[in-house]
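Trainee: I am new to this structure and would like to go through it step by step. Could we begin with the terms and then turn to the chain itself?

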Amino acid sequence: MTESIDNIQRYLIENPDAMPSQIATMLNVTEWQVVSMLPQEQVTLLPLLEKDSLLASLPEWGPMTTIIAVSGSVFEFKGPFPKGKYAHGYYNLITKVDGLHGHLKLDNVSAIALISKPFRGNESHSINFFGDQGEMIFKVYLGRDRQRVLLADQVVRFKALKARVSSTA
């Protein structure tokens, strides 16, 4: 384990622009192991007790990018994160028109990380949901306009959430 920690720390120093998922693949560790080693200014953990209020607020944020990676394949949905409600053991995403929908097994979420890490030289912020084996369940990136600039109101919301969580930690 110590060897993995040392390898992650060294890789982060030598490759500051690498994304956690890339590092995890390169070093054969979980994405959670990498995220937990990011510099403090890049990651804030959201208490799990706040996941319901977070998910209830996300539809108000506007268009975002939701990413799900499975067995090397990456699925992306661009649009508002849908509203949801609990039923039959799942948080069911409700979409009345075309869009992201599905069923989240939130009991399997072991950590939620608010990550602010540049991506390809650009400011980037995401909300990352991890499973109990350190795997990424899904992540939601803040939206961008047609010029690829982050949506300012989402950045304000994200930074306020991080600041609030950090002040209570």
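Mentor: Before we start, a contact here means heavy atoms within 4.5 Å. Please also keep in mind that this is a predicted model.

Trainee: Which elements does the protein chain have, and in what order do they run from the N terminus on?

Mentor: The protein chain is built from five helices and nine strands. Followed from the N terminus on, these elements run α-α-α-β-α-β-β-β-β-β-β-β-β-α.

Trainee: What radius of gyration does the protein chain have, and what would a compact globule have?

Mentor: The C-alpha atoms fill a box of roughly 50 × 40 × 35 Å along the principal axes. For 169 residues, a compact globule would have a radius of gyration near 15 Å, and the protein chain agrees with this, having 16 Å.

Trainee: Is Phe138 buried or exposed?

Mentor: Phe138 lies in strand E9, which covers residues 136–141. Buried means under 20% relative accessible area, and the value for Phe138 is 4%, so this residue is buried.

Trainee: Which residues does Phe138 touch, not counting residues up to four places away in sequence?

Mentor: Leu45 is 93 residues from Phe138 along the chain, and the C-alpha atoms of the two are separated by 15 Å. With residues up to four places away in sequence not counted, Phe138 touches Thr66, Ile67, Ile68, Phe81, Leu104, Ile127, Asn128 and Phe129.

Trainee: What percentage of the residues in the protein chain is buried?

Mentor: Phe138, at a relative accessible area of 4%, is one of the buried residues. Across the 169 residues of the protein chain, the buried residues make up 42%.

Technical notes
Residues numbered from 1 in each chain as written. Predicted model: local features only at pLDDT ≥ 70, side-chain atom pairs only at ≥ 80, totals over all residues. Heavy atoms only, no water. Helix = DSSP H or I, 4+ residues; strand = E, 2+ residues; numbered from the N terminus. Rg over C-alpha atoms; globule rule 2.2 N^0.38 Å. Buried < 20%, exposed > 50% of the residue type's maximum accessible area, 1.4 Å probe, protein only.
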